[in-house]
Amino acid sequence: MSHAKVPNVLQTTEGPVTAERYRLLVESVTDYAIYMLDPQGTVISWNPGARRFKGYEDHEIIGQSFSRFYTEEDRATGLPQHALRMAAEEGRFEKEGWRVRKDGTRFWAHVVIDPILNPATGRVLGYAKVTRDLTERRQADEALRRSEEKFRLLVQGVTDYAIYMLDADGIVTNWNLGAERIKGYAPDEVIGKHFSLFYTPDERESGEPQKALEAAIDNGSLEKEGWRVRKNGEVFWASIVIDPIRDDAGEIMGFAKVTRDLTERQKVQAELDAAREALFQAQKIEALGQLTGGVAHDFNNLLTAVLGSLELVRRQIGDERQLNLIDNAIKGASRGISLTQRMLSFARKQELALQPVSADVLVAEMGDLLQRSLGPLIRIETDFPADLAMAAADPNQLETAVLNLAVNARDAMPEGGVLRISARNEPVGSGHRTGLPAGDYIRLSVADTGTGMDARTLAQATEPFFTTKGVGKGTGLGLSMVHGMAEQLGGRLLLDSRLGQGTTAEVWLPTAVAVAVVEPAPLPVEPKSEGEMAPRSLTVLAVDDDALVLMNTTALLEDLGHRVVEASSGREALAILEGGEEIDLLITDHAMPQMTGAQLIAEVGQRWPALPVILATGYADLPAGAGVLRLNKPFWQADLEKTVTAAMARRTTAAVAA
């Protein structure tokens with residue numbers, strides 16, 4: 001036990017210090033109140049430090065009890081006497097507490113009281129008392145405590161962010177309300193556990209939690225996004241920030257971790273990205289469709305001229321070898337017709353005969369054709385419910401689409417496999433995966449067990465002229481045609497494929513009750529009188545801006561015995577009609593500069609309403625006019641003759657009715 005004694009001499013490096021010099025040393029101290037008390041606690045000495053922050057002069061305090069420095073509450077509890085007694089019994093008393101200055105103001109003091117003992121008897125001669133004013137430090141500590149409390153309350157009150165602390169080993173040491181809301185754990189369920197329990201099993205196995213702490217230490221902070229796991233096992237997309245906490249020596253004490261749930265934001269972003277991608281694909285397909293449609297239209301014009309000329313030439317040739325060559329050319333042109341039909345179908349400009357179609361009946365009637373096309377190595381399976389609704393479609397185009405999908409499946413199964421064709425009734429609501437308007441549809445699926453496609457190939461599969469087949473083995477228009485047909489019918493083509501797992505093509509079509517199905521009206525045929533062998537000769541006004549097509553149309557009509565007046569534009573045709581020449585029939589192209597065929601027909605309908613009109617075109621999306629017959633390009637002479645006969649029969653019927 002240490003006891004203070006009154007020294008007569010104090011030893012220093014410069015030699016002994018006398019009591020006088022010791023007194024001078026104490027008198028020079030101003031930051032500490034150093035003074036002496038007698039055994040009863042009466043002040044018997046007073047230094048400048050005591051004078052400075054207690055406010056008493058020497059003559060005001062010497063001889064007074066030191067208890068006046070205590071608050072009334074402490075004096076009432078006997079704290080001054082207790083302090084002296086503890087110093088005498090324990091050899092030292094040390095404490096912090098409130099003390100009172102002369103002016104009545106309080107200050108926070110650090111107090112040390114040491115007993116001064118008689119060396120010979122051990123009797124208490126008095127006490128040495130040292131007091132230090134710690135008011136500013138206490139205020140700073142209190143301000144810090146309040147700040148920390150406010151921060152704690154702030155952190156605890158945050159519910160949108162999980163904010164918590166980890167020790168140096170990654171053990172959770174505290175937990176806020178946001179962490180409880182986002183991660184699902186109550187404080188007593190997670191404090192004391194390693195933070196790796198928030199990671200997915202794969203990330204825990206790869207050591208991702210420890211790597212995150214190491215990265216935070218190395219870089220001063222870690223920010224990243226990734227999947228995290230809630231208490232219930234549900235994963236969510238999180239933004240994570242980890243900051244290391246260091247002590248004054250720079251050693252790692254732990255980590256501050258902030259987590260934000262970004263699942264909704266990521267979902268919205270994913271939907272936005274998907275919408276952008278869909279828009280981009282739609283714009284690309286639309287641009288390709290316009291290009292393809294334009295090319296197909298021009299190609300149709302060329303084929304019209306080629307076929308018509310070949311037909312006429314064939315009639316004038318008797319040599320068998322030359323006939324074979326002509327027939328070969330006609331076959332080539334016919335293949336060109338099939339190609340333009342596919343191109344127009346992709347561009348959604350192919351004319352469709354919309355009617356109710358039973359998909360199960362259509363596929364059943366195609367059974368022999370499909371089996372011959374697929375070969376013996378591929379087994380065909382079908383699955384159609386008894387209550388399958390009828391689709392609103394063009395049966396010929398739908399049959400071609402199914403055949404195209406089946407042939408693609410065959411090519412993906414060179415060693416054989418299974419082709420499964422099925423259909424289901426599908427009600428579609430808003431936000432459906434197909435992106436179709438709400439309504440009733442049938443989903444016609446063609447699935448194979450072939451090689452499948454990777455993501456890049458799948459993304460390009462419906463683009464025109466894209467093919468994975470060898471040179472000369474495919475046009476790249478099969479899926480494009482199916483896509484265009486489905487879109488034109490108000491449906492959709494969806495493809496699902498993975499390498500090694502086959503491909504499923506889904507053709508979504510509106511049901512026949514969900515759309516207005518218009519049955520194509522049969523062409524009226526002019527009744528022939530008994531003994532009449534051919535229709536009378538007509539004066540036909542033929543209009544086309546393409547000289548080759550115009551010449552071909554003229555030749556075909558003249559070969560049928562008609563007289564033809566040619567016009568290379570709508571304006572020229574109107575001028576001929578205004579000139580008074582008697583015209584029995586008008587045949588016009590549609591896509592012409594300055595005045596389209598539809599505009600010409602509208603003008604003629606107003607000024608010469610009795611004049612029969614035929615619109616010769618390869619486009620489907622054209623305004624239909626009353627009394628207007630369509631002749632699809634390219635056409636054979638028989639198609640032209642039949643349409644001319646029908647047009648004149650309409651005029652005769654109208655005249656009789658009038």
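**The largest nonpolar core**

Mentor: In the largest nonpolar core, which has 34 residues, the members that touch the most other members are Leu398, Leu419, Ile421, Leu444, Val507 and Leu509. A nonpolar core here is a set of buried Ala, Val, Leu, Ile, Met, Phe, Trp, Tyr and Cys residues joined through side-chain atoms within 4.5 Å, where buried means under 20% relative accessible area, exposed over 50% and partly exposed in between, with a 1.4 Å probe and protein chains only. This is a predicted model, in which local features need pLDDT of at least 70 and side-chain atom pairs count only at pLDDT 80 or more, while totals for chains, interfaces and linings use all residues. Residues are numbered from 1 along each chain as its sequence is written, and side-chain values use heavy atoms, with hydrogens and water left out.

At least two residues of this core come from each of several elements, including helix 13 (359-365), strand 14 (417-428), strand 15 (439-448) and helix 17 (478-488); helices (H or I, at least four residues) and strands (E, at least two) are DSSP runs numbered from the N terminus. Helix 15 gives the most to this core, with 6 residues.

Leaving aside residues up to four places away in sequence, Ile421 touches Val363, Leu370, Glu381, Thr382, Asp383, Phe384, Val402, Leu444, Ser445 and Val446, contact meaning heavy atoms within 4.5 Å.

Turning to helix 17, Ser480 is found there and is buried, with a relative accessible area of 0%. Ser480 lies 13 residues from Leu493 in sequence, and their C-alpha atoms are 9.6 Å apart in space.
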